[in-house]
Amino acid sequence: MPTTDLATALTDVRALLLDAGNLVRAVAAGRRRGLEPPAHERVEVRPVALRSGAHLQFLSRTGPVVGTRNVPLGEAAGAVDELLAQPHGNWHVETATETVQLRVTKRGEAQVHRAARGGAAPAGPQPHDRAKQRLVDPDDPVFAVLGAGGDKRRQVEAFVRQLAPLAPGVLAQAGPVVRAVDLGCGNAYLTFAAHRWLAREAGAGGRELRTVGVDVREDVLENGRRAAGAAGLVGLGFARGSIAAAEPFAPGERPDVVLALHACDTATDEALARAVRWGAPLVLAAPCCHRDVQRQIAAGGGRDPLVRHAILRERFADVLTDALRALVLQLLGYRVEVVEFIDSAHTPRNAMLRAVRTGSAPRAEHLAEFDGLCRAWGVQPALAAALAPELDAVRSALAEGPAGDREPQAAL
């Protein structure tokens, strides 16, 4: 991508920020190489309509600390200049007509990308106190217990919105106890959110919810137990163990919902394989760090221009890995969608695999697509290796011809 003078690019950003009638929002984040960190890790700017008139709102975050500053439009130029003087490494600006991405390079130049804007969020000052339809109350005490700031609360809301459309089908098929497991739960922000929301939905149908967060680190599990107690979350527990060997419930009890959120590299594959062998009706996985396939491509020489450069190889490996994962899940009886988990302004690791078990028969074209991709790029994905017996059975079934009168299970 061509570069331009940073001062010139920031002058253009300044004009966009001060055009409040066309501004939707802007986000400054990251830090420039070799400079002291900015005063705040992340600052979001948007025009708001308050009782005293139109303002620019500056929502800043540093760690769990969130601050808000509302500046009248007539005085906003000074506040905007102060923010532009901070050494943030990235700007994301949305206007009524376009999205502008600015990244500061190692040399202190600007790479600017402009694209037509999608989305329905209105431009110009919006009522600051307008009612928002939220699935998770931002004032829920669980956030205070976890020390979660505004950015983390938005991630939680975005995650629950991915879960919500599919949960009714799971609950309709579940027994009196609904079981959910978060494999590699870490600090468990999303474990808490999923449990809070699912417990409400299950309770409305007279069912009990049991959720278990699994991780290998006892310190994070103990923190989770303390926080669950402080937040009064009944039915939420934590268990120490690896993803590959996780047994969160009693023998014969399978989870209805399996979560694997930002499990690193092949840990996501271990979680998906575990979910398949449980026959879990619903799986949500937000992968992270697709290094396994990336290493295999690099070992193959990386001569194709798509993967010749490291940054392109990294991004292509992300896409290839998730495409292969989706095909494996489809071959093993799941309907799969790969969706955007949260806006890229929050995190570049924003893809999510949503898989619903339908029990449908494998399709020969999916197997041909999977094999073709593996041959073309010389890779053996970890998920396929983990589920080799199941995939061998699929190959045998397809080799024998159509599945005949096999009836798929009802889709959720």
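**A colleague's note on this predicted model**

1. Let's start with one residue. G206 has a relative accessibility of 67%, so it counts as exposed, the cut-off for that label being over 50%. This glycine sits in the loop that links α6 (189-204) to β11 (208-215). If you want a reference point, D140 lies 66 residues from G206 in sequence, and their C-alpha atoms are 23 Å apart in space.

2. A word on confidence, since this is a predicted model. The mean pLDDT of the protein is 86, with 91% of residues at 70 or more. Over residues 403-412, however, the pLDDT is below 50, although this stretch has 24 contacts in the model beyond near neighbours in sequence.

3. Now the overall build. The protein has 13 helices and 16 strands, and its C-alpha trace spans about 70 × 55 × 40 Å along the principal axes. The radius of gyration is 24 Å, which agrees with a compact globule, because 412 residues packed that way would give a value near 22 Å.

4. How much of the protein counts as buried? The share is 48% of the 412 residues. As for how the chain comes together, take the contacts between residues at least 6 apart in sequence: 69% of them join residues at least 24 apart.

Note on methods:
Residues are numbered from 1 along each chain as its sequence is written. This is a predicted model: local features need pLDDT of at least 70, side-chain atom pairs count only at pLDDT 80 or more; totals for chains, interfaces and linings use all residues. Side-chain values use heavy atoms; hydrogens and water are left out. Helices (H or I, at least four residues) and strands (E, at least two) are DSSP runs, numbered from the N terminus. The radius of gyration is taken over C-alpha atoms; the globule rule is 2.2 Å times the number of residues to the power 0.38. Buried means under 20% relative accessible area, exposed over 50%, partly exposed in between (1.4 Å probe, protein chains only). Contact means heavy atoms within 4.5 Å. pLDDT is the predictor's confidence in each residue, from 0 to 100.
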